[in-house]
Every structure is written in C-alpha cells, then in structure tokens.
Amino acid sequence: MNFTATAFVTGFPLVLLLHWLCPPGGRWVLLLAASVAFYAIGSPQSLGLLVVITLGTYTASLLICRSKSQKARTFWCVAALVLCFGCLGWFKYAGWLADTAAVLLGRSSPALQILLPAGISFYTFQTLTYVIDVYRGTQQVEKNLARYALFVCFFPQLVAGPIERSGDLLPQLKNEHRTPDWNGALILLRGFAKKLLLADAMAPFVDVVYAAPGQGDGVQMMLATVLFAGQIYFDFSGYSDIAVGAAALLGVRLSRNFDHPYGAVSVREFWRRWHISLTRWFTDYLYIPLGGSRCDWRRHCCNLLIVFLASGLWHGAAWHFVLWGALHGFFLIGETWLSRRKKMLALPRWAAHLCTLTLVCVAWVFFRADSIPSALLLLGQLPRGWSAASVMRALSAVGGSALAQMALGLLCLKLLPERWNGSRGQIPALFWLTIAVAAAWLTGLTADNASAFLYFQF
Amino acid sequence: MNLWMWALVLLCLGSALLAGRHGWAAALNMLLGTVLVLAMLAVGRPVRELLLVALTLCAAAAFAGRGTT
C-alpha cells in the first residue's frame, strides 16, 4: 500500500477515528480488517501469498511449541524457513536465476512473468524472526491465529517495514489499554514532507541522467548521484516516518529505522544508522550465527562479505544489487583492516566523513543503475566536461523551482523539531508545512506522476 | 500574482515572524494564510506556486518560532 495513494490519505483518518471510538476489546479486530483492506486495495493479487505465509508460519510455530523432541522442533523450524525462503525465491529470484542460467548456457531467456508481491521481502523476514525466536525459546507462541495475522499484516509497516521483532510488536498489539501518542501526527507530517517535497523533487533529474548512461558529462553524473543519495534517503526515511507516525497515533510504538546516516564517519557507522531494522535482522539471524567477529580474521572477513552479499540480494534480484552489497562488504573489511592497524585514528573527523560519503555515493551508482555495464559507463563519464557552463547547464536541467523546493524543504525540516516540544510558536510553521505537503500531493495527483516509494520494489 | 495577493503574502510573512512571540500573530497568520490559499486557488494560480509560498512562510515561521514555548 502506497502511503501517498488516495486510499490511504482518505482511509487512514477514518480508521484512526473508528479505532479510538471502538471498545478497547475490539480494536485489534478493526486493525486487522483495515490492514487486510489496505493491502487488498493496493495489491489484491498478492493477498493469497500473504495468507499462505501467515498460515504456514503460524502452524509451524505451534508445531515447534508442541513438539517434544529437538529433532521435531528443528524439522518444523526448517519447514517454515523453506516455506518463506521458497516463496521469496520463487517470486523474487526465479526470473533472475532463469535469465542468468540462460545467459550462461547460451540459450534464449525463458521470460518468466512472475509478479513480485508487495512487501514480500519485509513480511517474510518478520515472520521468520517470530518462528526462529519461538524455536530458540525466546518468544512465546501466539495461539490466536487472528492476532498473529495482525502481527504479520499490521498496515503501517506491512509493505516496507520497519521489520519488527515479535517480542516488541505482539505485546503492543495485544494490549487493550494502549494510548495514542499524538506526537505521531508530527512524525507523519515530516514523513510526507520528506517524500513529497524532497524525494519527489529530486527524482526527475536522477531518472533522466541514469536513463542515458555515458551520454552526459561528469557534472550531471555527480549531481544525479548526490541527488539520488538524497532521494533514496528522504524516500525511505519518509516512508518509515509515516509508518512510525501512523502506528504511534494508533498507540503502537515501532522501531526507528534511520538515525542521520549521512552523518556517519565510517561505513560501519553508516550501517548502524541506515535501515536499522534490516541491519539488526542480518546481525542477529545471519552474522552472529556465522560466528560474527569472534573468530579468526579470515573468517570474520568472510562473514562480513556473506552478510553484505545477502543484503545486496535482499534489495533486488539483479547482479548490480549483488555488487552493491559486495562493495559495502569490502568497504567494511577495509575499515576493519585499517582499524586493526590503528590507521583510522589518524584521519580527522571531517575527512573520515567525506571518505564515508564518497564511498557510499560510489556504491549508490551500482544500486541505482539498471545494470553493471550502465554503472561503469556512468562512472566513466565522471571526469568529462567539468566547466562552469556545464555546472549551470546541470542546475538548469534540475530546474529553479525544484531547487527552490529542495532548499526550502530542507530548511523547514531542519528548523522544525523532530518531536513536538509543546511550543505553540511552531504552530504556524506546521500549518504552512501541512499546506505545502497538501499542495505537493495535489501536484503529484493531478500530474499523475507521483513516484512510488523506492523500497516498494524490494 | 496580483498586487493585493503580494500584500497578503507580506502580511503573512510579517505575522509569521511575530508568531513565535505573540499568540495573536500566530492566529492572524493562520487566518490570513487560509484567505491567501483560498484566493490563490480561486484565481487559478499554479499549485507549484502555492507550494513555494507555503514553504517560504513555513521556513520563516519555523525560524521565528525556534526556542519558544
């Protein structure tokens, strides 16, 4: 479900009103109905898979709980893993694997037409945390199927996270006496502002430059990459803010997904601040079981590389995503190697910050490009055509109005508090921000060019 | 934009800058703001123009309202 879609913008206030008017005992039923309805409106053809995953993991967790022998417990846990990864593999990776096999064998591609269900990467990972935690004995099994279904498909975070732990989310959804956090309205507004005022203003220029790799000059390529770094951050953190804000208004506290990632002074720190819920998932369910950093140096490097290759593959079924993940893995291995030799300490903070930003932006080129050859062509155009005239050309291609919108949007978000501090002096600013967001939403609606959230495709 | 609309924008800007210190200025700002938005929509000004005006006034009001309680 797209948060900027008319169905959500008009439907959410109604759900919120009904939720707080409803008797406490029935609120979770309303949330479940709303979650299924929002998902069915956005992607009706994917509802069946969501039901299959929910029923499959629910049954597996009950059987794990009831099994007396360790062998049986392991069997049911593996069965749930096979179900989730099998569905993810078929719907997300089958086409890509078939294409790759066809290229390797020198045959024509079978052109599998498999529709990617919305949010599959997110809800399979979330259900897996539940099953694995039940298997490990750190999570009590949920016997009520409908309540478990609400945990899987809670609408604010169903299609693009944050990927919540069952131990954090299930008790909150079961609590009948939860109270709303009205601060969520400000978080929600900031989320919409990030998406509609900033990310959507950055998108058109990025799309144009990345659609024609190797044809522009270095200034265009660099500006497009910097704008893409901004676009993906404001798009995804905007989505996360809307999810967190909407859930807070419903009395549910979701985890924070971003913590100023571009302020990081190392790639390791960047990953502690970027898509935090996914990083935590990979750390707890892949990196640590592999041995983490408590092993010899070679094994540690291998673990890092495996985790980042998996992260790249999670983001998309294409080789350029795998390479993006591998690059981050190598950056982290390099940082670990340098820190072992204490060379990182010699770097001033501003230089470490600049190095981190450069490395992250170089990796973004592989992430945004359509393929690895396109990314190499784009990087190849970097040294070309640096002049004052080409800078002016690139800026005019972005557009004065879009640049003004970005500058003012950034200023507003910087000046406004992240959480409501009770200041009445900020009310007019919030009034104007609401009007700006509504105007941006209307612009996208009337022009029919509102871009979907980037992380929906994952 | 018309002259009277520019005058309205300036009044909004002035009241936005005072809104951090005076409650009446905040109320006046939002009242004038509503009139301005409706007027811009009524005379058919582009929505993008409204967006930039709203963002400018938001930045001014947020700047003036910093640190107030």
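## Two histidines and a helix pair

A:His275 lies in the loop that joins α10 to α11 (276-290) of chain A, and this residue has a positive phi of about 40° although it is not a glycine. The model is predicted, so that local features need pLDDT of at least 70 and side-chain atom pairs count only at pLDDT 80 or more, while totals for chains, interfaces and linings use all residues. Side-chain values use heavy atoms, with hydrogens and water left out, residues are numbered from 1 along each chain as its sequence is written, and chains are lettered from A and ligands numbered from 1 in the order in which they are written.

A:His260, in the loop between α9 (218-249) and α10 (267-273) of chain A, also has a positive phi without being a glycine. Buried means under 20% relative accessible area, exposed over 50%, and partly exposed in between (1.4 Å probe, protein chains only).

| Residue | Phi | Relative accessible area | Class |
|---|---|---|---|
| A:His260 | about 45° | 41% | partly exposed |
| A:His275 | about 40° | 0% | buried |

Helix α3 (residues 47-66) and helix α4 (residues 70-105) of chain A pack at an angle of about 165°, their axes being 8 Å apart. The two are therefore roughly antiparallel (an angle over 145 degrees). Their contact, counted for heavy atoms within 4.5 Å, includes A:Leu49 and A:Ile53 of α3(A) and A:Trp76 and A:Phe91 of α4(A).

The mean pLDDT of chain A is 87, and 95% of its residues reach 70 or more, where pLDDT is the predictor's confidence in each residue, from 0 to 100.

Key: Helices (H or I, at least four residues) and strands (E, at least two) are DSSP runs, numbered from the N terminus. Axes are lines fitted to C-alpha atoms, for helices over the stretch in contact, and angles run from 0 to 180 degrees between N-to-C directions. Angles under 35 degrees count as roughly parallel, over 145 as roughly antiparallel, 65 to 115 as roughly perpendicular and the rest as oblique.
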